[in-house]
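Here is a quick briefing for a first look. Keep the structure in view while reading.

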Amino acid sequence: MSPRAAWRLESLGFQEVYDYEGGKQDWAAAGLAMEGTVADLTRADDVARPDVPTCKLQDTLAEVRARTHGSGWDVCVVVNEERVVLGLLRRAQIQRPPDDATVEDVMRPGPSTFRPNVDIREMAHYMDEHDLESAPITTSNGRLVGMLMRDDARREAHGGAEDTSPQEDM
């Protein structure tokens with residue numbers, strides 16, 4: 001917002017006026033409310049699951065297995081104290097011996113992440129095209145929002161249809 005607009009808002013009695021330098025795209029990527037034609041679109045953060053298990057670099061694989069076992073998850077997002085995504089453990093890394101190996105030893109560092117404002121149809125298509133079962137959704141500063149599951153993205157992209165998987169020719 002321009003300084004002139006900020007001063008005008010303050011003169012109207014608004015107490016908390018901020019100069020957001022990131023711009024409109026960064027605002028949307030942070031998962032914040034939008035207006036206009038994009039406001040009604042279902043976005044990745046609308047469907048992402050915030051309850052995805054997280055782990056720290058120093059956690060052992062035994063600890064991660066205990067955290068994910070029985071919870072229905074086969075993935076764990078490696079985060080720091082600020083929930084910034086540092087890496088990812090998928091099933092292959094979680095099941096890897098030895099039990100006392102640390103997350104840092106076996107994680108996939110710097111995983112591809114996606115912003116909260118991406119249209120769910122675009123995400124479903126991308127996940128199908130690249131055979132991704134799940135994708136971390138993060139803000140533009142790298143903080144974890146949640147994990148988008150391909151089945152959830154497909155279902156939402158196709159209006160709640162039950163079978164949305166690509167069909168093979170017989």
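The charged end of Arg-49 sits over the ring of Trp-73, 5.8 Å from the ring centre. This is a predicted model.

**Aromatic pair**
- The count of aromatic pairs comes to 1.
- Phe-114 and Tyr-126 form an edge-to-face pair, because their ring centres are 5.2 Å apart and their planes meet at 65°.
- Phe-114 lies in the loop between strand E4 (108–109) and H7, while Tyr-126 is in helix H7, 12 residues apart.
- Phe-114 counts as buried, at 13% relative accessibility.
- Tyr-126 counts as partly exposed, at 32%.

**Nonpolar cores**
- The largest nonpolar core has 14 residues.
- Ile-120, Met-123, Met-127, Ile-137, Leu-148 and Ala-153 touch the most other members.
- At least two residues of this core come from each of helix H3 (44–47), helix H7 (120–129), strand E5 (134–138) and helix H8 (150–157).
- H7 gives the largest share, 4 residues.
- A second, separate core holds 11 residues, including Leu-61, Val-78, Val-106 and Met-107.

**Ile-120**
- Beyond four places in sequence, Ile-120 touches Thr-42, Arg-43, Ala-44, Val-47, Leu-148, Ala-153, Glu-156 and Ala-157.

**Met-127**
- Met-127 belongs to helix H7.
- Met-127 counts as buried, because its relative accessibility is 0%, and buried means under 20%.
- Setting aside neighbours within four places in sequence, its contacts include Leu-132, Ser-134, Leu-148 and Ala-153.
- Arg-150 is another contact of Met-127; their C-alpha atoms are separated by 6.3 Å, though the two are 23 residues apart along the chain.

Definitions and conventions:
Residues are numbered from 1 along each chain as its sequence is written. This is a predicted model: local features need pLDDT of at least 70, side-chain atom pairs count only at pLDDT 80 or more; totals for chains, interfaces and linings use all residues. Side-chain values use heavy atoms; hydrogens and water are left out. A nonpolar core is a set of buried Ala, Val, Leu, Ile, Met, Phe, Trp, Tyr and Cys residues joined through side-chain atoms within 4.5 Å. Buried means under 20% relative accessible area, exposed over 50%, partly exposed in between (1.4 Å probe, protein chains only). Contact means heavy atoms within 4.5 Å. Rings of Phe, Tyr and Trp (its six-membered ring) pair if their centres lie within 6.5 Å; planes under 30 degrees apart count as stacked, over 60 as edge-to-face and the rest as tilted. A charge sits over a ring if NZ of Lys or CZ of Arg is within 6 Å of the ring centre and within 35 degrees of the ring normal.
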